[in-house]
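Biologist: Can you walk me through this one? Please keep it simple.

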Amino acid sequence: MNLARPISGFTAEQLIEQLAHVRDQLRALIDCLPDDGWLGLRAEHLNPPLWEIGHIVWFQERWCLRQKPDGTCAPSLLPGADELYNSSTVPHDSRWTLPLLAPAALDDYAASVFAAIERRLRSDFTDELAYFAELCLLHELMHIEAWWMAFQNLGYAPPFTPTLPGNLPVQPTQLAFAAGAVTLGSGPDAGFIFDNEKWRHTTALPAFDIDAHSVSEAVFAAFVDAGGYQRSAGWSQAGWAWREASRISHPLYWRKEKGIWQGRRFADWLPLDPAMPMRHVNRYEAEACAAWLGRRLPSAGEWLHATQHPDCRWGMNWEWMRDPFAPYPGFSADPYHDYSEPWFHTHGELRGGGPVTDALLKRRGFRNFYLPHRRDPFAGFRTASAIQP
Ligand SMILES: [Fe+2]
C-alpha cells in the first residue's frame, strides 16, 4: 500500500463502471435544467452549470490523462481548456462571461475524455492511476451534491425526490461519555482518503454528553418562535453581525402561512415535518439555537466518539462542528493542492453527510467544510455539553 496515495482497491472495470454511473447521475440533473438554466443565477454560492460540467470533465482529463510522473502537466485535448475550466485560476465572477463550450461541443469533449480514461484504465492500470480515477469520481460526486443544493436553492424540480429520513423523537435524547481519548484522522487502511484526514492521531477528550441525533425542525421552530433571531444572546459576535447585516428572521426555505411554518422542498412548499432533522442552517444559526438550548455544537472529536455508539444516529444531514476546518499535525497537501489548503481556518467543519450525499462520501472520517454563513448545504447540527467532574 502506497502511504502517500491511499486507494479503495477498486479494479479498473469497477472504476469505469462507477465513473459511468456518476456521469449518468449528472446527466439526469442536466436534463432537468430549465431552458434558461445553463448559465442560471449569478451568485457567490453557485457556478453556471455550463461551466461546472466543463470543469468536471477538465478535472478528469487533468488528473487521469495529463498528469506526468514528474508532476508536470501535458496539454489538453481542448486548446485553451485551462483558461476556461481550472477552478484554481479562473475567478469565480468571470465564469458567466467566459467563451464556454456550447452544450453539444461539451458533450464531445466529455465523450473523448471518458473514452481515453477508459482505454488508459484498461491498458495502463497502476495504483497512481487508480488514485486519480477515484479522486475524479469523488470530485464529480461532490459537484453533483452542489447541483442538488442549487436545485433546492433555485426551486427547480429534481429528477427524483431524494429520501429525506426523519422520525426524530420530539424530546432530544442524549448520550453521556466519560473522559477518555479519541482518535482523529484516518489511516491508509481507510480506503481513499483526502489530505485533510492525514493522519490518524489520538487526543484527550473530557467527559461530555451529546444528542443521539440531529436537532429537529420542531426544536428549531421553537427557537425561532421564541425570538431566537431577534436577540443577540447566544449568537457569536460574527454570527450576530451576519444576522444584523442580512436582516434574516427565520431559516432559509421557510415561510409562515396563516401562522403555520412551511418549508420548501425543491419546487414545493410543504408543512414542516416536526420529526425531520433541521437542514439548511448555517453555523451561526446552529450555534445560536444550541446556546438557546443551554448547550453548544460538538467538537469533531466528540462527534466521532459518539457516532460509534449503537444508539447514535447520523447521516441524515451534514452536521456543523464547533471546530474551524484546520490541518492535522504534519499536514502536507496531496497533488490536487487546492482541495483543502486554501480553505483552512476560514471554513467550518461538517461531518456525516445528508440526503443527497453519495455513500462513498458518507464516512465518519470524511471532513466536509463550508464558509460559516452558507445556508444552502443540506446541513444541520446536534448539541453537546461538557460534564463537570
Ligand atoms: Fe471542482
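Predicted model: local features only at pLDDT ≥ 70, side-chain atom pairs only at ≥ 80, totals over all residues.

Biologist: Which domains does the assignment give?

Modeller: The domain assignment gives domain 1, residues 12-154, and domain 2, residues 174-386. Their C-alpha centres lie 28 Å apart.

Biologist: How many residues does each domain put into the contact?

Modeller: Domain 1 gives 13 residues, and domain 2 gives 13 residues.

Biologist: Which helix gives the most on the domain 1 side?

Modeller: That is helix α5, residues 127-154, with 10 residues. On this side of domain 1, 7 residues are nonpolar, 4 are polar and 2 are charged.

Biologist: Now the inside. How many residues are in the largest nonpolar core?

Modeller: The largest nonpolar core has 70 residues. Phe132, Ala133, Cys136 and Cys289 have the most contacts inside it. Helix α5 supplies the largest share, 14 residues.

Biologist: New topic: strands. In what order do the 3 strands of the open sheet come?

Modeller: The order is β5-β6-β7, and the pairing is antiparallel.

Biologist: Why is one side of β5 and of β7 left without a neighbour?

Modeller: β5 (254-257) and β7 (268-271) stand at the edges of the sheet. Each has a single partner strand, so one side of each has no neighbour there. Neighbouring strands are also turned by 40° against each other on average, direction ignored.

Biologist: And how many bridges join β5 to β6?

Modeller: There are 4 bridges between β5 and β6, residues 260-265. In one of the pairings, Lys256 has Trp261 in β6 as its bridge partner.

Biologist: On to the loops. Where is the cis peptide bond?

Modeller: A cis peptide bond joins Lys198 and Trp199, with omega about -10°. Trp199 sits in the loop between β2 (180-184) and β3 (201-205).

Biologist: Is Arg247 buried or exposed?

Modeller: Arg247 counts as exposed, because it has 7 C-beta neighbours inside 10 Å, and the cut-off for exposed is 12 or fewer.

Biologist: And Tyr253?

Modeller: Tyr253 lies in the loop between α7 and β5. Phi of Tyr253 is near 70°, also positive. Tyr253 is partly exposed, with 18 other C-beta atoms within 10 Å.

Technical notes: Residues numbered from 1 in each chain as written. Domains from an automatic or database assignment. Contact = placed C-beta atoms within 7 Å. Helix = DSSP H or I, 4+ residues; strand = E, 2+ residues; numbered from the N terminus. Nonpolar A, V, L, I, M, F, W, Y, C, P; charged D, E, K, R; others polar. Pairing = 2+ DSSP bridges. Axes fitted to C-alpha atoms, helices over the stretch in contact; angles between N-to-C directions. Core = buried A, V, L, I, M, F, W, Y, C linked by C-beta atoms within 7 Å. Buried ≥ 20, exposed ≤ 12 C-beta atoms within 10 Å, placed from the backbone.
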